[in-house]
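Please look over the sequence and the model before reading on.

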Amino acid sequence: MLNEFWLPFTKTPLFGILLTLLVYVLVAWLAQKSRFHPLVNPVALSVLLIVPFLVYTGVSYEDYMVGAQYISFLLGPATVALAVPLARQLERVRKAWLPLVCGLLAGSLVAVLSVVLVAALLGAEDVLIISLAPKSATMPIAMGVSEKLGGLASLAAVGVMGTGIFGVMTARYIFKVIRIESPEIRGFMLGLTAHGIGVARGFQISNEIGTFAGLGMSLNGLLTAFLVPLVVTLHFVLF
Amino acid sequence: MLLTLAILCFFQALGEWVSVLSGLPIPGPVLGMVFLFITLLLKPGLNHHIAAASEQLLKSMMVMFIPVCVGIMTSYTLLKGQWLALVVAIVISTVLAMAVGALVMHKVMKHLEKQAHNQKKAVSDVE
């Protein structure tokens, strides 16, 4: 009886959409209860719940994505929507343009150089190094750039996700240790290093931090697309 | 809500189109954001129509990352024996980038503030 319903149901779009939304509503409630504690990250918690569920029930990722792709799809329009708070905060952005540009250059360079260097020192294969190099960029940029240079899009996706989740979980503690309080800096660096997940986290805290995170994500995405080919070439020339 | 979604999708499509045409490694949605930003500067009245729903969409951004992240379940075999390198590289690089970038911004901001302060002082000294 159950199987008659269950097996065809897991192949419909409704399954992936319902599972994602139900799990998200649950973890979003937990995040709110924790007053948006950085360690109670909705994305990480959802993955920890959904992956075992799919493995246990024997539903493939492809079947899950039949519905879940519609939720992913919204990332496109949401990225475009970042222009709205950006246009509203233009005055503040213009005032802080020099610190923003300096922070962008420093943060972007360190993000790409250090990940290539550490991965190489730890004996990672070239494919992994190339796939990790753009890890702080937004997902489509990172996947496109690493694939063009001989990396793997799926490995790049793992690197990007890991960076985003780790970044938003630790940002508060990093800023506390180095005593940074300005919302402009916190937001901008959150988006620069933790891309879209950082932006989502930023809007969880305040519109202001979310806006600067959106700016950091966009500018770093553009810069990374040009930096990564240079750094990867340099790496192969030197080693 | 639907008007906003239509406008956002239109700008995304415009971005995708320019991305393909130009061959730049920049994804369509990011270009679409740039185009919408320019449009909002030229036509500030548009802001009023799309502000509320856009904000709603941005507040729900977390949920949109879940499906791709669940995809980690398909690529863990690719990493055979390289998990340590992956995790350590991400941890060190993320902390370094965030800290160095933030400190550089902080230094430049402080420098500008000091400059502005000195200028003000110089002006009042002259007076």
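The questions below take up domains, contacts and annotated spans in turn.

This is a predicted model, in which local features need pLDDT of at least 70 and side-chain atom pairs count only at pLDDT 80 or more, while totals for chains, interfaces and linings use all residues. Residues are numbered from 1 along each chain as its sequence is written, and chains are lettered from A in the order in which they are written.

Q: What makes 2–73 and 80–238 of chain A domains?
A: Domain bounds come from an automatic or database domain assignment; chain A is divided into domain 1 (2–73) and domain 2 (80–238). Six residues of domain 1 of chain A and eight residues of domain 2 of chain A form the contact.

Q: How many residues of chain A and of chain B count as in contact?
A: Two residues are in contact if their C-beta atoms, placed from the backbone, lie within 7 Å. The contact takes 88 residues from chain A and 65 residues from chain B. On the side of chain A that touches chain B, the largest share, 14 residues, comes from helix 11 (residues 153–177) of chain A; a helix is a DSSP run of H or I with at least four residues.

Q: Which residues of chain B are listed as "transmembrane region"?
A: An unreviewed UniProt entry lists residues 25–45, 57–77 and 83–105 of chain B; such annotations may be inferred rather than shown by experiment. In the model, residues 83–105 of chain B are 100% helix and 0% strand (a strand is a DSSP run of E with at least two residues), and residues 57–77 of chain B are 81% helix.
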